[in-house]
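Here's a quick briefing to read alongside the model. Have the viewer open and follow along.

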Amino acid sequence: MSDWQKVYQDDLEYRAEIVRAVLEDQELHPVLLNKKDSNYQFGHFEVQVAPDHVIKALKIINEEIRFE
């Protein structure tokens with residue numbers, strides 16, 4: 001999975017999970033990575049996709065997902 005690319009990151013897991021779910025609905029097969037340190041609670045969550053899905057994923061994230 002080392003060639004996968006990050007398309008979204010957030011400190012809040014639920015937001016990253018929403019992004020992952022939306023991209024999954026579009027059949028982009030994203031993965032959610034927990035990059036938080038369990039002892040110190042710093043870090044973030046990342047959503048990654050295969051390189052050939054990056055542009056489509058970013059377009060969906062920018063146009064369809066809003067956290068307000």
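Predicted model: local features only at pLDDT ≥ 70, side-chain atom pairs only at ≥ 80, totals over all residues.

Where is the place of Val19? Val19 sits in helix α1, and helices here are DSSP runs of H or I with at least four residues, strands being E runs of at least two, both numbered from the N terminus. Residues are numbered from 1 along each chain as its sequence is written, and side-chain values use heavy atoms, with hydrogens and water left out.

**Overall layout**

- The chain's secondary structure comes to two helices and three strands.
- Reading from the N terminus, the elements go β-α-β-β-α.
- For 68 residues, a compact globule would have a radius of gyration near 11 Å, and the chain's 12 Å agrees with that; the radius is taken over C-alpha atoms, and the globule rule is 2.2 Å times the number of residues to the power 0.38.
- Along the principal axes, the C-alpha atoms fill a box of roughly 35 × 30 × 15 Å.
- Take the contacts (heavy atoms within 4.5 Å) between residues at least 6 apart in sequence: 62% of them join residues at least 24 apart.

**Surface and charge**

- The accessible surface of the chain is about 4,700 Å², with 47% of it belonging to carbon and sulfur atoms; areas come from the Shrake-Rupley method with a 1.4 Å probe, and for residues only the protein chains shown count as cover.
- Of the 68 residues, 29% count as buried, where buried means under 20% relative accessible area, exposed means over 50%, and partly exposed is in between (1.4 Å probe, protein chains only).
- There are 8 positive and 14 negative side chains, and the centres of the two sets lie 4 Å apart.
- For that count, Lys and Arg are positive and Asp and Glu negative, while His and the chain ends are not counted; each charge is placed at NZ of Lys, CZ of Arg, CG of Asp or CD of Glu.

**Val19 and its neighbours**

- Val19 counts as buried, at 0% relative accessibility.
- Leaving out residues up to four places away in sequence, Val19 touches Tyr8, Val47, Ile61, Ile65 and Phe67.
- Val19 and Lys56 are 37 residues apart along the chain, and their C-alpha atoms are separated by 13 Å.

**Salt bridges**

- Side chains of opposite charge can pair when their charged atoms come close.
- The structure holds five salt bridges, each being a side-chain nitrogen of Lys or Arg within 4 Å of a carboxyl oxygen of Asp or Glu.
- One of them joins Arg20 and Glu17 at 2.7 Å, N to O; the two are three residues apart in helix α1 (residues 13–25), which puts about one helical turn between them.
- Arg20 also pairs with Glu24, at 4.0 Å, N to O, and those two lie four residues apart in helix α1, again about one turn of the helix.
- Through shared partners, the salt bridges join Glu17, Arg20 and Glu24 into one network.
- Glu46 and Lys35 form another salt bridge, at 3.9 Å, N to O.
- Glu46 is in strand β3 (residues 45–49) and Lys35 in the loop between β2 (31–34) and β3, so this pair ties together parts that are 11 residues apart in sequence.
- What about cover for that pair? Glu46 is buried, with a relative accessible area of 7%, whereas Lys35 is partly exposed at 44%.

**Spots worth a look**

- Glu27 has a positive phi of about 60° although it is not a glycine; Glu27 lies in the loop between α1 and β2 and is exposed at 59% relative accessibility.
- His29 is in the loop between α1 and β2, also has a positive phi, about 55°, without being a glycine, and counts as partly exposed at 47%.
- Ile55 belongs to helix α2 (residues 54–64) and is exposed, with a relative accessible area of 71%.
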